Amino acid sequence: MPESIVNILDIAIGGLLLGGIYALIAMGMSLQYGVARVLNFSHGEFIMVGAFSTLTLYTVVGINPLICLVIIGPVIFLIGFLLHRTLFHQLSLRAPNADAYAASSILASFGLLFIIQNLALLGWGADYQAYTYLNFGVSIGGAIFSANKLVILGFSIGIGLIFYIFLARTRTGKGIRAAAQDPATASLMGVNINRVLALCFGFGAAMAGIAGVLYSMRIPLNPAMGTQYTIIAIIVIVLGGLGSIPGAFIGGLILGIIGEVVTSIDPSLSMAAYYFIFMLLLLVRPKGIFGK
Amino acid sequence: MDTTRFKSKGFYIPGIITLIIFAGLVTLPLFGSLYNVILITTLLMYANLTVSWVLFSGLTGYMSLATAAFFGVGIYASALFLPITGAELPILVVVLIGGLASSIIAFGAGALTLRLRGIYFTIFTFGLVVLIMELLNWWELSVNKILNRYIMLVDNNYIFYVMLGLFVLVMLTFFFIRRSKFGLAMRSIGENEEAASHMGINVTMVKIVTFAISAFFMGATGAIWATKLSYINPHEAFKVLISFLPVLMAIFGGMGHIYGPVIGAVIFAYLQETLQTKFSEIYMLSFGVVLVLAILYMPHGLVGLIQKVWRRISGGKRVHT
Amino acid sequence: MYILEGEGVTKYFGGLAAVDGVDFRVDQGEVVGLIGPNGAGKTTLFNLISATYSPKPGIIRFKDIDITHKKPYQICRMGIARTFQMVKIFGNLPVIENVRAGAFFGKSTSVSSANATKDSLELLEYMGLSQVANTPARDLTLANQKRLEVARALATKPELLLLDEMMAGLNQAEVAGAMQLITSIKDRGITIVMIEHVMKAIMNVCDRIIVLHHGKKIAEGTPQEIATSESVIEVYLGEDHHAGSE
Ligand SMILES: Nc1ncnc2c1ncn2[C@@H]1O[C@H](COP(=O)(O)OP(=O)(O)OP(=O)(O)O)[C@@H](O)[C@H]1O
Ligand SMILES: [Mg+2]
């Protein structure tokens, strides 16, 4: 295959990989914001915890990272669920109105960011750490890709889609969507709102954790790594329309591809490019591309 | 957000205490150690940012996370005009430039975004910090090929007095705006923006002007603060944490009273200065815990708590919530 | 010259015409009732007059001046004040500050602090709210919150007052008080347009009534004419009568 096509294929796969991870993270945040109404600034910390836990489980205990998915996902789900049941639920009881709740929950989530990040610093130390897994080449049509790249790509998009179908088809999923649209009516129709909100927060956290498990195969880990993903998730969910799950999925893929393309031109510009697009969009179409 | 009114009654004792503290501050360099002068400069820096933040966000209810952007612009003003090779302009002029540059950016950003509602505004202001930082970073590295900028040394007492001067200015501004017609307009907006606009209040203008005033003080504070840092780069100048600290300090101190934000800033900044170097992680961890607890259990801040306790002790006529 | 006049006033929300080509005229000094079933577009019409939205298409004139593209605060300063169906008081501010805000900013000329306070105190007296002048507005009863909204609107020194369901949720005695208030405001020379579901009140205090249905004006006339109009009866018989209760 000619060099240029290999290059383009490389960027495309890289973009989809990054996009798949972004999509997972953003879908998680979108659930937390769109349904539970918490703009969670500690979202990225759950990615970091997922990633570090995988590292520890793999290097110390020897558990295969893909098995880690089914251990860490549920555990982080539970943490998120309980966090909402205690902290955020209490905040919502105390807030006089929706705006006050939005503000106080942002700040509380910022407090969580500090707690989680510094617990991680105490536990895992400040240095970068990494491990290798499935780090061998696989040839697709002559181009060589590392196996873990393809695994991450497959899993992240797969999990994203499964989750989307879960929301669209299952009873719980319908309850969640009803709660997102109109909490008052939904609770009249017999949806247990508090449980649904906590579920959503838990699912959101779990998706971040899963993204962390997957992405840890490819990147060096550090307790401060989470924040940048929080920022990216915020960008993506604004791009896709605050609270729109499909918007978050598609927005994530788009941003990943844009990121990979800009990086291939000038890596120092990729964050600036994200922000530029993001702020332009906020101004021109605050509802986001897919927002109604 | 709490916007309970500052009571003009019981003005006497706080007035005297204020005067004593002020006299102590003005004469501090005469009797205080250099360490104390530097420490109090830091406390004043945080107090300036916190009060400036409350000036806009506390009264209008729009949560701005742009503090770090304006502070950073101020820092950069110093980096450009007060290089180690010698001042290109008098320091006070640079402080003014830092303030003005910030308020111009605030004016522009405000005109664009203050029509956005609540959460979008918050997200936008947060993005502003990182956008400016990333663009500057690119400009410095790719265009100017400068890694760090070195800033000239300034006498610590001089920095202290400029910081104190800014503090007095921001407090006076806050005090008078809050009691003025303009302040009533801001509080109305904080309560119900739609009703305010139908009451004849030009809500957009009020918000933009206040945002710019608050940014002025943030920028000016950044400009003088920069002279304490020997060198800076975009990552040092624009720290996202600086956007959140004033919010926390204001909440911790309580926004219902003019002294609340100051007290919150002073306590937190003091703890930060004394504990952070020794027990960084533990400090930051407790910072998070206190933040969460304060939001949960002290919605009116320390001052609100003290007032409540005080009323109970003094026979508690009516406990305001 | 009409104090308020609209031509072909229209507002779409997505595909739904909330207000659909409505023409209306209000004379100086009149009390005009605006009625219609839920969702008829009454509040939306108020929102168009007070510039929360602008009509598309359509023209609205206030004393022959085109106000179609003005901002809400400009509308207020020209002399149109309003209240809200869902009360929008400044809850954490004391009652007196609510009214002072109106007094300060309502008129385009500047008002001194002392005058704003004096006018506000007078208005509170007039509305029977003097007792609660220093109470945070959120602690008032609904009836008093609605009165506070009227006081705040009056503080802006309007020539035209738009009242949106001022009597909804009030008990019999409070409704009677509100009716008295409207007559008394009229006697001050202020023109009133009021949205109301309480038929007894509408029939008694209005000089003229406009009926909206699905965004369209379906009838207009004196209370007697409206009470006997077939098209109006049809609309109201189509659903349960709101009269009296809501
Ligand atoms: N901001 C909005 N966005 C979308 N649709 C709206 C909006 N405001 C009003 N509508 C719709 O426009 C129609 C007219 O609403 P409006 O509030 O004017 O009715 P109304 O006559 O005041 O009714 P009510 O007696 O219940 O107050 C309704 O179908 C309503 O759902
Ligand atoms: Mg209505």
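Author: What follows is a look at the interface of chain A and chain B.

This is a predicted model: local features need pLDDT of at least 70, side-chain atom pairs count only at pLDDT 80 or more, and totals for chains, interfaces and linings use all residues. Residues are numbered from 1 along each chain as its sequence is written, chains are lettered from A and ligands numbered from 1 in the order in which they are written, and side-chain values use heavy atoms, with hydrogens and water left out.

Start with the contacts. On chain A, 39 residues touch 37 residues of chain B; contact means heavy atoms within 4.5 Å. The buried area is about 3,500 Å². That is the accessible area (1.4 Å probe) that two parts lose on being put together, summed over both. Carbon and sulfur atoms give 85% of the area buried between chain A and chain B.

Which elements of chain A give two or more residues to this side? They are helix 3 (65-94), helix 4 (98-124), helix 9 (226-240) and helix 11 (270-284). Helices here are DSSP runs (H or I, at least four residues), numbered from the N terminus. Helix 4 of chain A brings the largest share, 15 residues.

By class, the chain A side has 31 nonpolar, 5 polar and 3 charged residues. Ala, Val, Leu, Ile, Met, Phe, Trp, Tyr, Cys and Pro count as nonpolar, Asp, Glu, Lys and Arg as charged, and the others, Gly among them, as polar.
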